[in-house]
Amino acid sequence: MKAIFFSDAHLTDSEAGRIETVSRIIRDITRDADLVFVLGDLFEFYHGYDGYIYPFYRESADLLRKIASDRPVYFIEGNHEFGLGQHFESYTGVRCVESLTINMDDRKVFLSHGDEIGSPLLRRVLKSRFIYSVMDGLGPGLTWKIAMMSRPILSKSHKPYNKKTLDRFRKYGKRKLREGYDAVILAHSHMADIEEYEWNGRKKTYMNTGDLITSFTYGVYVTGEGFSVATYGGGGTDDSVR
Ligand SMILES: [Mn+2]
């Protein structure tokens, strides 16, 4: 069994070339995957509407639909996705969730975008039923415009390396592992990372998928081999930076 984890492409309507590049990467890395996890912020902004897919996200939605046609795909929403919605789910066949606990080869795995680490309060306010109903009322065109104007509030899509943030994510990962998970997979920091621990003879893993903007990293799980971080088209003999 092979699972693929990727996140943080932050696609917008103004960079058609980048959508194409990211589509190619996603197509390539998921080709032989039995299970696919999108760890959030694939889109710079998304709020789902009935019967509607943003025209510039059609390509990405169609790609997810194709991937999900013959294997399970989970989309764990990021802080830039405000309810992908039922239409997105039924159109793509992808399961959209806030966070996820799943069993893989007898390992209990926790997956979340990871934005609960930095600003849980802001997350609660922005991702509220009230805000969603305002977005519903405004419609996709106006909501998109406002979202693009609010980008500085939503958080930067380009994040430089930051040791303090890296450590904060590791610490949170460790805390979740202590709660009884065998693996914790996060994203959001845009810093790919993998830490392995051995507690009471049981192997535990914290992994961060990094991003598909600057570092082009993603996570891999293979039965019998465990977790690893890989770089798309990156150096090395097998693209892996374990
Ligand atoms: Mn994020």
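In this predicted model, helix 1 (residues 16–30) and helix 2 (residues 58–67) pack with their axes 10 Å apart and at an angle of about 10°. Because angles under 35 degrees count as roughly parallel, that value makes helix 1 roughly parallel to helix 2. On the side of helix 1, the residues that take part are I19, S23, I26, R27 and T30, and they meet E59, S60, L63 and I67 of helix 2. Sorted by class, this contact of helix 1 with helix 2 comprises four nonpolar, three polar and two charged residues.

Helix 2 also has helix 3 (residues 85–92) as a partner, and here the two axes come within 8 Å and cross at roughly 50°. Helix 2 and helix 3 are therefore oblique to each other. From helix 2 the residues A61, L64 and R65 are involved, and they meet F88, Y91 and T92 in helix 3. The classes represented in this contact of helix 2 with helix 3 are four nonpolar, one polar and one charged.

Helix 3 also holds Q86. That residue is exposed, because 12 other C-beta atoms lie within 10 Å of its own and a residue counts as exposed at 12 or fewer. Between the C-alpha atoms of Q86 and D136 the distance in space is 13 Å, while 50 residues separate the pair in sequence.

In soluble globular proteins, nonpolar side chains tend to be buried together. Taking I4 as an example, and leaving aside its neighbours within four places in sequence, one finds it in contact with I29, T30, A33, V36, Y218 and V220.

Most residues other than glycine have a negative phi. D8, however, has a positive phi, near 50°, although it is a residue other than glycine. D8 lies in the loop between strand 1 (2–6) and helix 1, and it counts as buried because it has 29 C-beta neighbours inside 10 Å, where 20 or more are required. N200 likewise has a positive phi near 50° and is a residue other than glycine, and its place is in the loop between strand 8 (193–199) and strand 9 (202–208). Is N200 buried or exposed? With 5 C-beta neighbours inside 10 Å, N200 counts as exposed, whereas D8 counts as buried.

K159 is found in the loop between helix 6 (151–154) and helix 7 (163–178), and with 16 C-beta neighbours inside 10 Å it counts as partly exposed. The C-alpha atom of K159 is 6.4 Å from that of H190, although 31 residues along the chain lie between the two positions as a separation. Once neighbours within four places in sequence are set aside, the residues in contact with K159 are S189 and H190. T231, for its part, belongs to strand 11 (residues 226–231), and it too counts as partly exposed, with 16 C-beta neighbours inside 10 Å. T231 and F216 are 15 residues apart in sequence, and their C-alpha atoms are 5.7 Å apart in space.

Finally, the confidence of the prediction should be kept in view. The protein averages a pLDDT of 93, and 95% of the residues score at least 70. Over residues 235–242, on the other hand, the pLDDT is below 50, and this stretch has 13 contacts in the model beyond near neighbours in sequence.

Definitions and conventions: Residues numbered from 1 in each chain as written. Predicted model: local features only at pLDDT ≥ 70, side-chain atom pairs only at ≥ 80, totals over all residues. pLDDT = per-residue confidence, 0-100. Contact = placed C-beta atoms within 7 Å. Axes fitted to C-alpha atoms, helices over the stretch in contact; angles between N-to-C directions. Helix = DSSP H or I, 4+ residues; strand = E, 2+ residues; numbered from the N terminus. Parallel < 35°, antiparallel > 145°, perpendicular 65-115°, else oblique. Nonpolar A, V, L, I, M, F, W, Y, C, P; charged D, E, K, R; others polar.
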